Amino acid sequence: MSTNSLQELLKRLETYPITLGWGAVFAFSRQRVNRMLEQQFTAAFTADRFIAPCSGVVGPGLATLTSIVFGAPVLSFEIASVDKAAAKLTIPLLAGTYQEEETSEGRPLSRVSGRSLRLDSGATLTLDIDLHGVGSDSDHTGRITIDLGDASNPRCNLSDDPSMQEAIGRFLLDYLHEQPKHQTTYVLGLVDAGNYAPLNPVRFAIRTQAAPGAKMPGARNAGDGAVLVFMKLQGYDDDETDLPDADYPYLIPDDSSGGVPLYTASLFVSRWLSHFVNDTNLDVLKNSMLPAGYAFVESTGGRYTPNDTAIFGDLAATRTNILIEPAIADLESMNALDFKALRGDGSVVSGVKWASGCLNNPVLKGEMSQEGRFSATNYPFRAPPVLMTTVTATYTENGQDTQATALVLVRVFPLAVDSLVSSSGPGGSAIALTARGQNTLDLEWALLDPKLGSVEADDQVSKATYTPPPTGGAPLVAQRMQILNVASQDSAAAVVMLESAGTEMFAVEPPFVGNVLSESEIAFEVPEQAVRELLRNAGDQAEDDVFWRWSVVGEGTVVGDGRTARFSPPRQRASHSSMSVLVCELIGPEVGHVHGYAVVQLTSMSAAEAPNWEAIDAFDLTTPDGEQAFANGMQQIRVRIKIETKPVTIDGVDHYIPISPVEEASIRLVRHSDNTDVPFVDPTQDGIEHDDTRQWMASIRRNRFNFFNPAAREEPAPANYDGVTYIDLYVHMKTDETQEFYAVFESHKGETISSRVHGDDVFDTVSIKCVPPPAVGLEDYTFERDRIWYEGGQPDENDDFSYIPRSLDFWTLAYRRSGFDPAGFATLRIERNSSSIQWESELLDETYFSYLSWIFSPKHRQSPPAPKELSHDPYLAALFHEVGHAPPSTDLHQTPPQPGELVVALRRLDDMTYWYDGQAHDNKAKLFRRRLDPPVLYKMLDENGNRHDLQIGFQNPSMDGSRNTLLLILQ
C-alpha cells in the first residue's frame, strides 16, 4: 500500500518551498546506490585500492579471526534523520574463518567453536556512518563520500554474545581505520562545479532521510531512505538558505508497477530559476551530480511545477557503464562459472578480452576462456582454503581500453569440525558435531583411545552425535576423535574433555592454540593469580610444598618447569590433523589432585598453506624522471619500486612466486627521519589541495601535470617477470626541505618488509628536494588584444573604438615563466561571476554597452578537445532576456584558442537597454548588476601545477573609454 504516492507528494509540494533557498535539491534512494557501491568495490581489486583480509585475536584469546575478507558495503537508513547526514552501513564478511573460545573465570576452556565464512553465511559488520562532502580546489569537483574508517558503533554478528559482537566489531573497525583512506572511501555522488551553465552546482550540503514507515518494526520497506543533496547553482547562489527539519517531505514517490519502484530519484529546481529550466540546462545539472557511469534519467511525464520545478525519475547505469555478472561469486575448486559483460542498458558487450588473476597468490589464477568461462583448475601446486580471484573484462570504448572487474572466491575446503573442543562428563548430555568441507558425503567418524562413550553419524553423514559414557572413574579424560573424508583422505580432529563430578579445575594459558604447522616450541603457564587461589584453597600452602606434573595426550612432547611448560610439536607429523591435550596436575599433601589443561590443534601437512615466496632478493627505489618538482602539492615525482623474490624450490623445480596483489596494495612510503607513513592523496584528486596543511603525500596514480624535468619520457613501469614486481608511486610536496623516503609492505607472513633492510645500499631510500614555485609578476604574463569582428562603422588606424559601435575583441592571457619559459594553463576555476558588464554611462536611456565572455583550452597531459564556443555567466543571459535583447553571442568567428590559453572576449553593443537592480522588485534572481558589475576572478593551475590567481575586468567607469579595455590584476 502506498504511503507517499506521487499525487500525495505533489499536493503537499504546492505549499512547501522544497528547495529552502537553495538552487536545487537532488534526492536518490538506496535501490541504485548499493549497486554503485558494489561496482566500486569490485573495481578496486584491479586498482590496488582494496582492503586486505584481516586476521587477529580479539579478547585476549576469546576469538580468532583468520583472513576475513570484507565485502561490498550496503547502505540503509534506519538511523537517518534530516537534521544530519547519518546512515547505516552493513559490510558482508565473505570469507575467512572465525573461532571462539568459551571459558569461565579460573577454569579451563569449555568449548572451542569455529566456522568458515561464505557469501551466504550471513556474517556482517554493521557501522554507523556519516556522509561527507569533500571539495577539490584543483578540479572544481565536490564528492559525496563514505569513509569506512570514520564509522562508529561497530557490531559484528560472528558471535551470539552482545559484548563479543561489540568487541569483534571494534577490532574490525580499528583495522579499517588503519588502512589508507583511498582503500576505505566510496563515492556516492560527484558534484561537478567546472561548468558555468545556470543550473550547474557550485556548492552543496548533504542530509539523509528515512522513507515513510521504514523505521517501524517489521516494515516492508525497512531500511529504505534517500540521500538529499542541497545545491547552490551558478544561476542562484543565494546565501539565505535553510536545511530541512522533521516536517520535510520525503521526495521520492513510492509508486510501483509489478512490485518494481517507478522512481528511485528526484530533482527539484527553485521556482526563482524557472526561466532557466529547459532540457539543455537540465542536462548540465543532471550530468553534474553523479559519478561516471551513472545518470539521472527523467521519467516520461515526470516533470511538474507544484511550486518549485519537480522532476521524477531513476538513477540508472549509463549504456557505457559496463558491469560483469555475477559481480561477486563463490566457486568450489575444480568447478567452472560463466561470466557476462553487460552494458548499463542490459545489452551484452562484444569484443571483450577476458583474464583472471589471484590476489593472494598470483601463480594460482585458474583458467579463463575468451568466452567468459572461468575454471578453478590447473593450479601448479596446492592452494590455500580461499583464492581471492579477479575476473576482468577489457574492452574498447570510444577508442580507449576500459576494464570491468568481478570477484570470485575459489574455495578449497579442508575438512573441519565444529566444535573443536567440548566439555562434558560421564552421564552428561550428548554433544552435536558438524563436519564441513568439500564433498562430505563419505565421512568416517571414529573415537581414539581410550574410546569412552560413542560417536554416531546421522543420515547426513556430515553431522554426528557424541554420547559420553554413563559412568567413569578418572577425574579428567581427553577423549579425542578423528573424522576422515574417505575419498580425499582429508581429516579433522576434535576432543571432548570428560570431567568427573567434583573434579577441581584451574586455567592454563593459552587455553587453545590452533592450526599449528611449525615445529617451534609453544609456552604454557598456570597464571599467577590461579596459583595463589589454588594454594589458598589448600590451606595456604607454600608453592615449594606442591608439585606440578605436565603430560601430553596425543602427539608431541612437553617439558615442565613448575607452573610453566614448553610444548614441542612432533617432528614427523602424522598425515592427519589431530588434537594434543596438555594436562597439568597440581599435587601436594593437602591438595589431592587438581587439574588444568590446554589444547593444541596440529594441522596435517596436507592441509598446509600453499607454497609462497620465502625471501626478498631485492627491494629498490629509484626516481626515473628525476628527484625534483615544484613544491606546490600538485607536480609529482615518480618513485619506482622494484621488489624481487627469491625462487622457491618445490619438488626439485624452481618456482618464481612474486609478491601478491594483496601485498602490493599494502606498499606505502615512509618518511626516513621519523618513520611515519606518508599519507595518500585521494585518487579522485590531483594532489595536495591548496588549503591542506600537509607537506608531503603520495598518490597511486599519475595526474595531469608535467614532470619537472621536461625531458622525462614518462615510460610505463617495466612488465613484471620471474618474481620481479614493479610499482610506481608518486610523491607530492609543499616544502623545499629535502625529504628522504623508504618503502614498506605487509607480507603474507604478517611481517613488515622494508627497503631499508632488503634494498641495495644505494637504492634503499630516495631523497627528494623540491624547489619553491616561481614568483610571478605582471611581466610574466602576456595579455594581448585582437580585434576579431566589428560592425557598424569604419575603423581608424589610431582608434578601434570611437567609430565602431559593435565589435568583438579577444584578450588572450598566456603565462611565460621568468618572461620567456612558456607554461600553459591546465585548469581554470572562476569565482563568483564569470562575466562582467559596463554601460557607457549610468543614464537611464544609455544603450552603449560592453560585456565579457570567455573560452578556455586547457593544456596538460590528457588535454581534452578545445571548446567550440564562448561561454558566459547565466545572469548575463537572463539580463539579455529580461530587457528583450537577443542572447549573448557565443560565436568564435573561427578563431579558437591555443591549448593553455585563456581568452576573455569583450563584445561591445550599441543597443542594450539600461538596467538597474531596483527593477528586480525583490526577485534575487534578477539582481543582475550586483552579480555582473564586479570584475572576474580566475584561479588557474598551469601545466606544472603552479597556482595563478588573477582578476580581469573593465577599467574604472570614471575613466574615458573604460568599457573598451581590460585590466589584469594579480590577486
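**Reading salt bridges and burial**

User: Which residue forms a salt bridge with arginine 806?

Analyst: Side chains of opposite charge can pair when their charged atoms come close. Arginine 806 forms a salt bridge (a side-chain nitrogen of Lys or Arg within 4 Å of a carboxyl oxygen of Asp or Glu) with aspartate 910, and their closest N and O atoms are 2.6 Å apart. Arginine 806 lies in strand β56 and aspartate 910 in the loop between β61 and α10, so the pair ties together parts that are 104 residues apart in sequence. Helices (H or I, at least four residues) and strands (E, at least two) are DSSP runs, numbered from the N terminus. This is a predicted model: local features need pLDDT of at least 70, side-chain atom pairs count only at pLDDT 80 or more, and totals for chains, interfaces and linings use all residues. Residues are numbered from 1 along each chain as its sequence is written, and side-chain values use heavy atoms, with hydrogens and water left out.

User: How many salt bridges does the structure hold?

Analyst: The structure holds 50. In one of them, glutamate 298 pairs with lysine 286, at 2.9 Å between the closest N and O atoms. Arginine 303 also meets glutamate 298 in a salt bridge, at 3.0 Å from N to O.

User: Is lysine 286 buried or exposed?

Analyst: Buried means under 20% relative accessible area, exposed over 50%, partly exposed in between (1.4 Å probe, protein chains only). Lysine 286 is buried, at 9%, whereas glutamate 298 is partly exposed, at 23%.
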